[in-house]
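Have a look at the model first.

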Amino acid sequence: MATATLGHLRDHVRGESIMPEDPGYDDARRVYNAMIDRRPRVIVRAESVEDVVEAVNFARENGLDVAVRGGSHSVPGFGTGDDAVVIDLNRMQLVEVDPDRRTTRAQGGATWGAFNDATHAHGLATTGGIISTTGIGGLTLGGGIGYLSRAYGLSCDNVIAAEVVTADGKIVVASEHENADLFWAIRGGGGNFGVVTAIEYRLHPVREVYGGPMFFELSDAADVLRWYRDFIVDAPEELGGFPAWQIAPPLPFIPEERHGEPFIAFVSCWAGPLDDGPAALKSLREVAAPMAEHVGPMPYPALNSAFDALVPPGLQHYWKANFVKELSDDAIAAHLEHGPRVPAVNSTVHIYPINGACHRVAPDATAFAYRDATYATVIAGMWPDPAENDANTKWVRDFYDATAPHSEPGGYVNFMADDDQGRIRDNYKGNYDRLVDVKRAYDPGNLFHLNQNIKP
Ligand SMILES: Cc1cc2nc3c(=O)[nH]c(=O)nc-3n(C[C@H](O)[C@H](O)[C@H](O)COP(=O)(O)OP(=O)(O)OC[C@H]3O[C@@H](n4cnc5c(N)ncnc54)[C@H](O)[C@@H]3O)c2cc1C
């Protein structure tokens, strides 16, 4: 490729174009998962939708891969690639709120931290992830599961419109009224269809929530999981949260002598009237007494960032995921066998509830197909020391192998590793063929293939 072409790119984008010879290249190419070590041709730190158009055109015309990066949290490292053009949206984090319409328009590189801070100022929120450093882009396009899913649906269910740069370098709007097929596909279909430079969301009145983590003894784990299974089916939809296998971190509310021991935790988030919060957890307290807890009223963004310190950038990551319809006794037995063996304080297994409002969306209304699953389970291996890669990935795989027979064939695309590409059709069930049609219409050359890829 002629250097002049890269020079043209550098001259025509407002943000930086960082190449291997530039100082800062090693910082710029680093992604959140430290297991991923790729050397892109150029990293474009886009500052505008026009920068994104330039980068897309440059990549397409030169036959280079495109990697899109927002919050950089992709476990398979889809936000980078060898010899690729990385479009880094980190500088596009503007979040504008319209409190009267209860909507917000957020640029595609915003994190949930930036998003929640902006909406919280108006006493509003929408479903986002449970960690504030995750990007709204990757999370929403894959579906979006979080504390508010039972009350308000998935993040993608709250999308009103999106601005998308397509593979041919055009800027289009996707909504119910414009490019409705694209609008359908980006609500669950991930980054397959273009670079989403802005998303407009519906907001809900959520300011303070009642919740936080409770740690229960392993001897109570079976009772806690059975309680969850029975309770969550018709629990009030204002209650979000999930059971988690978790080693006790060194936090002040946990007795020091218990730090480093494995527990079953329950992390709750009651988004109804604050005074009703304690009652929402009453039945759990009747089943078992927590060994330690940090539950109470708090601003929603505080809960959304409460666990950020457990998952700093630079850990090794290997994750597996499944959708689950019923948490059978056999499934619980598999959890009881593998959960207590959680090998690192950063690692965890969450069983997220995706019923309530998520079930009121028809399976074919958005690309996210599993509207009949009650849970999305993630086995999230995260550890600091690469010397322990084998032991940690083995724990994830063993846990997955034991629970898979009690789960659906598909899982949530955002919780999967890159060795799960073979499950893509299962993840989308009856929506897969339509996704292929939309892919053929908007990206027939599969320019956007560094993702859980829907092949045209
Ligand atoms: C610590 C941690 C916590 C998480 N918690 C949750 C959670 O609570 N709920 C949940 O649902 N998921 C959660 N996830 C999974 C998360 O949804 C995915 O990792 C998601 O891909 C992250 O998006 P990102 O923008 O941060 O990542 P990136 O690595 O920047 O992007 C990942 C991929 O998404 C696509 N993408 C991202 N932004 C855009 C865009 N603007 N336009 C087009 N394509 C785009 C691209 O294909 C990109 O390669 C978590 C992940 C981590 C590591």
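Contact here means heavy atoms within 4.5 Å. Helices (H or I, at least four residues) and strands (E, at least two) are DSSP runs, numbered from the N terminus. This is a predicted model, so local features need pLDDT of at least 70 and side-chain atom pairs count only at pLDDT 80 or more, while totals for chains, interfaces and linings use all residues. Residues are numbered from 1 along each chain as its sequence is written, and side-chain values use heavy atoms, with hydrogens and water left out.

**Helix H15**
- What covers the buried residues of H15 includes helix H7 (180-186) and H14.
- Those buried in H15 (residues 432-442) are Tyr432, Leu435, Val436, Val438, Lys439 and Tyr442; buried means under 20% relative accessible area, exposed over 50%, partly exposed in between (1.4 Å probe, protein chains only).
- They span an arc of only 165° around the axis, so they are on the same side of H15; the arc is that of the directions from the helix axis to the C-beta atoms.

**Aromatic rings**
- You'll find 18 aromatic pairs in the structure; rings of Phe, Tyr and Trp (its six-membered ring) pair if their centres lie within 6.5 Å, with planes under 30 degrees apart stacked, over 60 edge-to-face and the rest tilted.
- Trp319 and Phe415 make a tilted pair, 6.0 Å centre to centre with 50° between the planes.
- Trp319 is in strand S17 (residues 316-324) and Phe415 in the loop between helix H13 (389-403) and helix H14 (424-428), so the pair ties together parts 96 residues apart in sequence.
- Both Trp319 and Phe415 are buried.

**Charges over rings**
- Arg187 has its charged end over the ring of Phe183, 3.7 Å from the ring's centre; the cut-offs are NZ of Lys or CZ of Arg within 6 Å of the ring centre and within 35 degrees of the ring normal.
- The charged end of Arg434 sits over the ring of Trp184, 4.0 Å from its centre.
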